[in-house]
Amino acid sequence: MSLYQGKLLHLILLERFGPIVADVGKALFEFPRSLFHVRKTTGFPLLKVKESLSILIKFNLASFKLNHDGTTATYRLIIDNILLMLRYPKFINLIKMKMEDEAETLVEELLYKGCSTASELIIKTATRLKENKDIGTLLKQLKDKFASLVTAKYFIRLKNANTQEQELFAVPTIDLKQLSSIMNGSDETPADESIYWTLNPDRFHQDLRDQLVVNAVTNKFDENTGELMRIFLQQMYIRTSPWVPVSNLIPVLEVKDIVKKQKTHPQLLAFFDQYVNILEQDGNNIIQKAGEASGGSFQIEMKKIFTQLTWEIMEQLVNEKFDTKASRIFRLVKCRRYIEPEEIQHLVMMPSKEVKRITYQLFEENFVLLNELKRSITNSGPNKSFTLFYIQLTQLVRTTLELSYKTLFNIMTRRHHEKFLNKRIIDKKQRVDTISMGMRVQGASVDQLTDIEEMITPPEAEALAKIGKMMKKLNVAELEIDDTIFLLQMYLAYE
Amino acid sequence: MSGRSRGRGGRGGAGGTSLNREQLNSIGVVPGENLPGPITEPPPLYPTLNRKPLPLRESVEIDYLLILRRDFIDHMQTSGAYLKMPEDRKGKPQHEIDRLLAQLPNVKEKFDWQLFPAELRPKVVAKRMKLKDVKSSIDIESRLKQLEKLEEKSGEAMDVTVKEEAEQEENEEQLEVNYEDEDIDDGTDYANNYFDNGEAYEDEDDNLDDGPIY
């Protein structure tokens, strides 16, 4: 809940749902409101406000609480889910890597809809994929994929008042014959009419988290160690629930058996013990030996891993913001926990004036904090008080999150601005494209087509290329900042 | 300024630079050193960057993510979930893109109204659902009657306690009525003493010990 977060949410909604929904979202961000209150604040016609509230609820971006009379309600924005929309491409990509293309399209269609019944979703996907494929087999394939997505808990049933816990991941009955007849235009109501499904972000986050850890290990050591880590994580789920800070014991022999069976990493198998040793003895507490029996068993300390990664990010941040010398001071404060200013000056081996300047800079931007310990009235001896610098990670993480929201907001504002400035030229390109498309359909000759394409002059083409490049850069930055936000949120989740 | 920070723990709030002289001394700011004076102008809107940010990563994966992202946004913008402002009849859309978008059929998003609060339903749907409700409510009433009969048999003991509570409440209500009567019985306003000698002025304990005034 902050100023920039609110502005950011407004922009995210604006891009995806248009100005009306965005303004309604903004009104709800301030505090939960009733329908008429929203209407009054935004000043839109009642019909539009109703529609946008329905859209927000359908996409699971707002929740409502019925009042006592059972018809009116108070609406509340679900902030996390709106920020999640920035992560959708990563969700889709994840499914693409883990499962087949059909599953990817299913996920994509569900995201387009917000929530949907299984039959509706499968029909939608089938109409998209039906080119040169037999509809019967395609439907069967999609049904299986849907079932596996539900069993793997990527999809979750939309909760209503009387949904039981065990129903959340129960595969619904899907009648294939009915589906194909609906696709051929008959007007039946499918068997699972009022059972709605939506995305389960927790499950996706779990996978993204594992990916992050494996990537971190791979970057630090090598491919083989990364693979070892992946198998460790995979084995962790047999005995441990996914979100506990410290896993239960994982016997190392089990991991070795899997490596043996896999046969993909011969080097890992040959030097298995050494690799395990490297992973264990690394200072970052990635895995920890917890028992000697049966060749040893290990624990994975997720919480420690994420604390470590977060520290790493903070050091990087200081490094990029204030340069090496500052990151040296930052690390010193980190490893001493509490340190006096004079001691910093002695230990970092830099001119004291510079040390002072950098420490004040860090202090000003809240990267280090100051704690003053005062002795209460002493009658004898010199009255000495201590002034200590320290770092509070959780607070720093929240500051950084805020900074990330602000950056995202800036990037998006910039993008909108560029689009607005260059609307004329983008517009022209669009027109030329539509014309040439139309001519191609009519079967025009190559010469005619090139004539049309030449309507865009070289300088214009150059400008377009420039805009495209800038847009790409801004979009990539958006994706990357979301990565950072994800890591920081993971840290806060474990905290 | 010094008064605030002397109390506890030096730096109390978010206020960036409210350190007193003592604290400044202790972190090494010597009085003789010429400190920069107060800044009277706002910071520049676009401060110059001291360092150039690192170039962004480039990979096939990121390209694919970008495509996914664009697809998603394009789809949302043409779908029924993208609400447009009510149209201006006078001004024609100036740009080609706007004109193309305006040609698109206005799809309405489909909703299952069972899942939404009743007040959001469009009127047509609301009427239809009300009709259904009336039909089903008959069933509910008969069911309720059945339940009542069951309760009468098993829950007579419960009834007694409920009655007692109800009686208590009635008594309390009567008491309140009595209090109100007192004020009225006093007759005119002149009987009350409204003189304030000022002793109770800014007295924090005022009214707290006496309990509520009736």
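B:Arg69 forms a salt bridge with A:Glu15, their closest N and O atoms lying 3.7 Å apart; a salt bridge is here a side-chain nitrogen of Lys or Arg within 4 Å of a carboxyl oxygen of Asp or Glu. The pair crosses between chains, running from helix H3 (residues 60–78) of chain B, which holds B:Arg69, to helix H1 (residues 3–30) of chain A, which holds A:Glu15. Helices (H or I, at least four residues) and strands (E, at least two) are DSSP runs, numbered from the N terminus. The model is predicted, so local features need pLDDT of at least 70 and side-chain atom pairs count only at pLDDT 80 or more, whereas totals for chains, interfaces and linings use all residues. Side-chain values use heavy atoms, with hydrogens and water left out; residues are numbered from 1 along each chain as its sequence is written, and chains are lettered from A and ligands numbered from 1 in the order in which they are written.

A salt bridge also joins A:Asp323 to B:Arg51, with the closest N and O atoms 3.6 Å apart. Across the interface of chain B and chain A the rule finds 6 salt bridges, and over all chains the count comes to 35. In this interface, 56 residues of chain B are in contact with 77 residues of chain A, contact meaning heavy atoms within 4.5 Å. The area buried between the two chains is about 6000 Å², of which carbon and sulfur atoms give 62%; buried area is the accessible area (1.4 Å probe) that two parts lose on being put together, summed over both.

Within chain A, H1(A) packs against helix H2 (residues 35–42) at an angle of about 115 degrees, with the axes 10 Å apart. Axes are lines fitted to C-alpha atoms, for helices over the stretch in contact, and angles run from 0 to 180 degrees between N-to-C directions. The angle makes H1(A) roughly perpendicular to H2(A); angles under 35 degrees count as roughly parallel, over 145 as roughly antiparallel, 65 to 115 as roughly perpendicular and the rest as oblique. The contact involves A:Asp23, A:Val24, A:Ala27 and A:Leu28 of H1(A) and A:Val38, A:Thr41 and A:Thr42 of H2(A). By class, 4 nonpolar, 2 polar and 1 charged residues take part in the contact of H1(A) with H2(A). Ala, Val, Leu, Ile, Met, Phe, Trp, Tyr, Cys and Pro count as nonpolar, Asp, Glu, Lys and Arg as charged, and the others, Gly among them, as polar.

Helix H10 (residues 201–220) and helix H11 (residues 223–239) of chain A pack at about 150 degrees, with their axes 7 Å apart. H10(A) is therefore roughly antiparallel to H11(A). Residues in the contact include A:Val213 and A:Val217 of H10(A) and A:Met229 and A:Leu233 of H11(A). The contact of H10(A) with H11(A) has 7 nonpolar, 4 polar and 4 charged residues.

The axes of H11(A) and helix H12 (residues 252–262) of chain A come within 10 Å and cross at roughly 125 degrees. H11(A) and H12(A) are therefore oblique to each other. Among the residues that meet are A:Ile231 and A:Phe232 in H11(A) and A:Val255 and A:Ile258 in H12(A). The residues of the contact of H11(A) with H12(A) divide into 8 nonpolar, 3 polar and 4 charged.
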